[in-house]
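Notebook open, model loaded. I'll jot down what I look up as I go.

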Amino acid sequence: MSSFPTQAGGVPVLVLKEGSNRSRGREAQHGNINAAKIVAESIKSALGPKGMDKMLVDNFGDTTITSDGRTILDEMDIQHPAAKMLVEIAKTQDNEAGDGTTSVVIIAGELLTRAEELINKNIHPTVIIDGYSKTAEKALETLEEIALPVDLKTQDFLKKAATTSMGSKIVAEHKDYLADLTVKAMLAVAEKQDGVYKVDVDDVKVEKKTGASIRDTTLINGIVLDKEIVQSGMPKRIEKAKIALIDASLEIEKTELDSKLNIESPDMIEAFLNEEEKMLNDMTNKILASGANVVICQKGIDDMVQHFLSRKGAIAIRRAKKSDMEKLAKATGGKIVSSVDAITPSDLGHAALVEERKIADDKMTFIEGCKNPKAVTLLVRGATQRMTAEAERSIHDALCVIRDLIQEPKIVAGGGAPEMEMARILRKYAETMPGREQLAIRVFADALESIPVTLAENAGLDPVDILTELRNRHEKGEKWAGIEVLSGKIQDMSKANIYEPLSVKKQIIKSANEAASMILKIDDVIASGKMKGPPMPPGGMGGGMGGMGGMGGYPGAGEY
Ligand SMILES: Nc1ncnc2c1ncn2[C@@H]1O[C@H](COP(=O)(O)OP(=O)(O)OP(=O)(O)O)[C@@H](O)[C@H]1O
Ligand SMILES: [Mg+2]
């Protein structure tokens, strides 16, 4: 480790604070690459339908059980700066594509491992980075070429891609049922503008409630609020609801300044209270005059207003979340108003039914039967909270996959088929390149093959046999040959109905290349003494993760 102070003409020059740590050149690269490799290794076993799940325990003892790449990395509370970059890249993948977070980390880890082998052969990292970036471009081109366009009029491919995405999750048993619901939900909120579809995953509200099975998950053409009606005297159900959405408080506002009221006689108290009541009554009447029979308020509702509304047979809900108010507006076609003075009949939203129902032990309010709703709700059920939480994550992936396909209606196969085809084309491409550049292209191809290899390994199949046969089949022109891990057979993945959106695969290549290049570019790591983090518990995450504790110990290569 070459840390400061350094010698300049025999005099030590102190530039960094005492306790700072510095590593340069190969040592820095080695430390970073190793850290990234450990992260990739630790989530490898979660890939694919036969992948294992991870149980993650946080500082409070709360456990999460998941096979979702991003969630695993998030919960691992990683401290090593280079390893953190992989966590970031998984997040990017999740935000951009919604699926493929495990794959991106595995490929990035492989790209780095192989880059290190090249560095050890004295190939400069810049040459590798350039080679990788050219190769990524060629790989993306290949993906475009093998992708097939899909017709969105039939929901067939949307369903198949959603099923594939959920097939590698704990909820796989119910993948067909859930895929059906997610496709219906996304199509309900998709809008065509100037010939192009616009669709937002956030328009599908996912509400969780335990106490039933995943099979009892339902799609509601409207919004479900985890709220009860404010007053027990109000009706529990109103058909043909006309809904006022208000983001102002339905109370008498307190003055900002402290003020004193001198009351000299009992009459004055009464007059004062009467005046207050009159104001609240006026407020209620203004709302009711618009024709509203349901009031959903983002802020509080005064008892008096509740009482007046109840007397007129109206329903009210208070303290709805801002995000729910926006969804309610989209679902019911109503407008959110900020002042009751301005409310008009045209501001009201419409729903066939507003009803409070008891779900498990809680009361929830359903605003449903909305005509052409632009926001809908999936009410996710499951036996335990952990189950509903994992179901929500899996549904999120599926919703993203459907969005990706709606926005770019092109698919590729799963099961390692596109990775094998890219690898084949890349090896051919390498032959056209001069010596040194070939090396980076070849190792990129090897890194892509880690996907079918890992899928096979996780299914307990022999990865060497599978890889050899897949290479042969692709050489013979079977572009869609992959490994179907449920049956353990190598086959045309379109026959197995394993499809994935082209955009997810493209994003995997882009993100993995970006992460690998970013880490390879670093040749100097300076860790200030202050940054020392708490060391990981002995024998912590993933066996080898103990070595990743705190910047203080970083990047002692010997620790890994
Ligand atoms: N029946 C199947 N046979 C073979 N491979 C499959 C099958 N179903 C899915 N796959 C493959 O599994 C991989 C996806 O696995 P998984 O969902 O665990 O990881 P990810 O999508 O990379 O990350 P995450 O879903 O955690 O964000 C894809 O390569 C997909 O093609
Ligand atoms: Mg996935």
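I started with the surroundings of Glu110, skipping residues up to four places away in sequence: Glu110 touches Lys44, Ala447 and Ser450. Contact here means heavy atoms within 4.5 Å. Glu110 is found in helix H4, residues 101-120. For helices I use DSSP runs of H or I with at least four residues, for strands runs of E with at least two, both numbered from the N terminus. Is Glu110 buried or exposed? Glu110 is buried, because its relative accessible area is 12%. My cut-offs are under 20% relative accessible area for buried, over 50% for exposed, and partly exposed in between, with a 1.4 Å probe and protein chains only. I also found that the side chain of Glu110 makes a polar contact with the side chain of Arg114, at 2.8 Å. A polar contact is a pair of N or O atoms within 3.5 Å; within protein, one must be able to donate a hydrogen and the other to accept it, and residues adjacent in sequence count only if both atoms are side-chain atoms.

Ground rules, before I forget: this is a predicted model, where local features need pLDDT of at least 70 and side-chain atom pairs count only at pLDDT 80 or more, while totals for chains, interfaces and linings use all residues. Residues are numbered from 1 along each chain as its sequence is written, chains are lettered from A and ligands numbered from 1 in the order in which they are written, and side-chain values use heavy atoms, with hydrogens and water left out.

Next, the whole chain. I get 16 helices and 23 strands, and the C-alpha trace spans about 95 × 70 × 45 Å along its principal axes. Of the 560 residues, 52% are buried. Taking contacts with a separation of 6 or more, I find that 74% are between residues 24 or more positions apart. The chain exposes about 25,900 Å², and carbon and sulfur atoms supply 49% of it. Areas come from the Shrake-Rupley method with a 1.4 Å probe; for residues, only the protein chains shown count as cover.

Then I went after the rings. I pair rings of Phe, Tyr and Trp (its six-membered ring) if their centres lie within 6.5 Å, calling planes under 30 degrees apart stacked, over 60 edge-to-face and the rest tilted. How many aromatic pairs does this rule give? The count comes to 3. Phe157 and Tyr499 make an edge-to-face pair, 5.0 Å centre to centre with 80° between the planes. This pair links distant parts of the chain: Phe157 is in helix H6 (residues 156-167) and Tyr499 in strand S22 (residues 499-501), 342 residues apart. Phe157 is partly exposed at 22% relative accessible area, and Tyr499 is buried at 6%. Trp480 and Tyr499 also form an edge-to-face pair, 6.1 Å centre to centre and 70° between the planes. Trp480 sits in the loop between helix H15 (463-475) and strand S20 (481-484), 19 residues apart from Tyr499. Both Trp480 and Tyr499 are buried. Ring pairs link Phe157, Trp480 and Tyr499 into a cluster.

I checked charges over rings too, asking for NZ of Lys or CZ of Arg within 6 Å of the ring centre and within 35 degrees of the ring normal. Lys160 lies over the face of Phe157, 5.0 Å from the ring centre. Arg357 lies over the face of Phe366, at 4.2 Å from the ring centre.

Helix H8 (residues 266-289) got a length check. At 1.5 Å a residue, its 24 residues should span 34 Å, and the end C-alpha atoms are 34 Å apart, which agrees. The expected span is 1.5 Å times one less than the number of residues. In H8, Leu280, Met283, Thr284, Ile287 and Leu288 are buried. The cover over the buried residues of H8 includes strand S12 (237-246), strand S13 (294-297) and helix H9 (303-311). Just after H8, Gly291 takes a positive phi of about 100°.

Last, Ala320, which I placed in the loop between strand S14 (315-317) and helix H10 (322-332). Ala320 counts as buried because its relative accessibility is 4%. Leaving aside neighbours within four places in sequence, its contacts include Lys227, Cys297 and Met325.
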